[in-house]
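Colleague: Could you take me through one part of this model up close, and then through a few other buried spots? I would like the cut-offs spelled out as you go.

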Amino acid sequence: MSTALGRTDDATRRTPAEPPAIREPRHVPLAHVVRGGAIEGVHHGSVVVLAADGRVAFQTGDIDVAFYPRSALKPVQAVALLRAGLPLDGELLSLTAASHSGQPRHLDGARRILDRAGLTEDDLRNTPDLPYGAAERDAWLRDGGEPTRLAQNCSGKHAAMLLTAQLRGWPLRDYLDPAHPLQRVIAETVADLTGQGIARVSVDGCGAPLFSVSLRGLATAAARIASGAMDTPEGRVAAALRAHPDMASGTDRDVARLMRAVPGLIAKDGFEGVQIAALPDGRAVAVKIADGADRARMPVTAAALAHCGIDPGALAEFATTPVYGGGAAVGGVHPTDVLAQPTPDPLFPGTKEDRTP
């Protein structure tokens, strides 16, 4: 299928497998909350690590049950918009895949996308909200600001959806309807990149359709984006995230810091404790924290990335989340032994141990 605005080569499309099962997930303990040397709490969840060839190199928990990736799916949605003809690259494409903090550059970027479509904030259909970043939210409130559609963290994605629909001549007011041509393209892309059918369709916090896949499928999609050729929609999204990590999140957010710390890595977080990260050769991880606790997300992700052969030194700042008492750090959130670094794996040649003379 090809159009004047965007091209999709049917020969490259994969036939999706059956949708993942819907049942109670069989999660396992992934992180301990340690205070004063005692385990105060336990966060359960699941982790999958893919080798460069797509094989599962490490897994724990339940990687094949259906779940909602939340905003970790945004890079996949951005690929879908490019396939449908979205004419963005660079920082505005990174913003398209963002859960942004609401910094001035984010709001200006969303306005620029709307301007290209001849539209305004009033055309957005995402849920009005305050800026997501704590500092940005506090400043917004000090200035008397109220929840707006532009300030909401998904405004870049929604502006890009509107621009795509406008260029294709599709209706604008109902662009969030799952039956809308735009959302059908997104659903097809989710199935294509994850390699599996969609188990359920719901609504995300921003009002957009949300597609349920498995953790294995989500990691597969991340790997395909990170390893995509530069002239493909996948490669363009990966390049935008690598070049503009701050636009995909915020200057001080852990996802932006992680992409800056590991050259070539793309990463995206999602509400309810979801995280993806992938390298240019196709190595990838996907994490789901069962109770949605954000404090466990990054320590577990760092432990998973160590299974990819990444030098633990580059991941040190993400390896634990402090636990405070009386204003001082008295413990931390640490990965459990199930995520301990294994002996060198032949699926990952070039690990730190392999490089040792």
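How many of the 13 residues of helix α10 (residues 294–306) are buried?

Modeller: Happy to. This is a predicted model, in which local features need pLDDT of at least 70 and side-chain atom pairs count only at pLDDT 80 or more, while totals for chains, interfaces and linings use all residues. Numbering starts from 1 along each chain as its sequence is written, and side-chain values use heavy atoms, without hydrogens or water.

In helix α10 (a DSSP run of H or I, at least four residues), 11 of the 13 residues are buried, so the helix is mostly covered. Buried here means under 20% relative accessible area with a 1.4 Å probe, protein chains only. The buried set in α10 consists of A296, R297, M298, P299, V300, T301, A302, A303, A304, L305 and A306.

H180 is another covered residue, with a relative accessible area of 3%. H180 sits in the loop that joins α5 (155–168) to α6 (181–194). A polar atom of the H180 side chain is 2.7 Å from the backbone oxygen of P171, and a polar atom of that side chain is 3.0 Å from the backbone nitrogen of L182. With neighbours within four places in sequence set aside, H180 is in contact (heavy atoms within 4.5 Å) with A165, W170, P171, D174 and Y175.

Now the cysteines. C154 is buried at 4% relative accessibility, and C206 is buried at 2%. The sulfur of C154 has its closest cysteine sulfur in C206, 3.9 Å away, which is too far for a bond. A disulfide needs two cysteine sulfur atoms within 2.5 Å, and the structure holds zero of them. C206 is accordingly in no disulfide, with the sulfur of C154 as its nearest cysteine sulfur.

The model has three cavities of 30 Å³ or more; a cavity is a set of points on a 1 Å grid over the protein atoms alone where a 1.4 Å probe fits but cannot get out, and lining residues have an atom within 4 Å of a point. The second largest cavity contains about 40 Å³ of space. Its lining is made of P75, A222, L241, I266, A267, K268, I276, A277 and A278. Strands β6 (266–270) and β7 (274–278) each contribute at least two residues to that lining. By class, the lining of the second largest cavity has eight nonpolar residues, no polar ones and one charged.

Methods
Buried means under 20% relative accessible area, exposed over 50%, partly exposed in between (1.4 Å probe, protein chains only). On a 1 Å grid over the protein atoms alone, a cavity is a set of points where a 1.4 Å probe fits but cannot get out, and a pocket is an open set with protein on both sides within 12 Å along at least five of seven lines; lining residues have an atom within 4 Å of a point. Grid points are joined across faces, edges and corners, and a volume is the space filled by probe spheres set on the points. Ala, Val, Leu, Ile, Met, Phe, Trp, Tyr, Cys and Pro count as nonpolar, Asp, Glu, Lys and Arg as charged, and the others, Gly among them, as polar. A polar contact is a pair of N or O atoms within 3.5 Å; within protein, one must be able to donate a hydrogen and the other to accept it, and residues adjacent in sequence count only if both atoms are side-chain atoms.
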